[in-house]
Amino acid sequence: MYSFLNSVISIIEDCPGCISCKLLRGIENPASLAIIEEWESVEAHRAAASAIPPAKMAEAVALFARPPVGVYYRD
């Protein structure tokens, strides 16, 4: 799973408006993963969702133990 998600990072980073994207692995539970993305705007992030090919997205969903959760934050 980690290597698969890591392969998607470059796709995300190449999207317009992406400032940074990191894949993190849990220390106590290495199977626990988080992707932290920083975007110029919420709209840029939403527009980037179509950058990941549908077949690759379907492959990811099949690997998840539960649906991913996304939350927007601001500083």
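Predicted model: local features only at pLDDT ≥ 70, side-chain atom pairs only at ≥ 80, totals over all residues.
Tyr73 has a relative accessibility of 74%. Exposed means over 50%, so Tyr73 counts as exposed.

Val69, Val71 and Tyr73 make up a nonpolar surface patch. Together, these residues present about 410 Å² of accessible area.

## Fold elements

The chain has 3 helices and 2 strands. Read from the N terminus, the order is α-β-β-α-α. The radius of gyration is 13 Å, close to the 11 Å that the globule rule gives for 75 residues, so the chain is as compact as a globular protein of that length.

Along the principal axes, a box of roughly 30 × 30 × 20 Å holds the C-alpha atoms of the chain.

## Contacts along the chain

## Surface and interior

How much of the chain counts as buried? The share is 20% of the 75 residues. Buried here means under 20% relative accessible area.

The accessible surface of the chain is about 5800 Å². Carbon and sulfur atoms supply 57% of that surface. The patch of Val69, Val71 and Tyr73 is a nonpolar part of the surface.

Technical notes. Residues numbered from 1 in each chain as written. Heavy atoms only, no water. Patch = residues over 30% accessible without salt bridge, like charges linked within 9 Å, V, L, I, M, F, W, Y side chains within 5 Å. Areas by Shrake-Rupley, 256 points an atom, 1.4 Å probe, with all protein chains shown as cover. Salt bridge = Lys/Arg side-chain N within 4 Å of Asp/Glu carboxyl O. Buried < 20%, exposed > 50% of the residue type's maximum accessible area, 1.4 Å probe, protein only. Helix = DSSP H or I, 4+ residues; strand = E, 2+ residues; numbered from the N terminus. Rg over C-alpha atoms; globule rule 2.2 N^0.38 Å.
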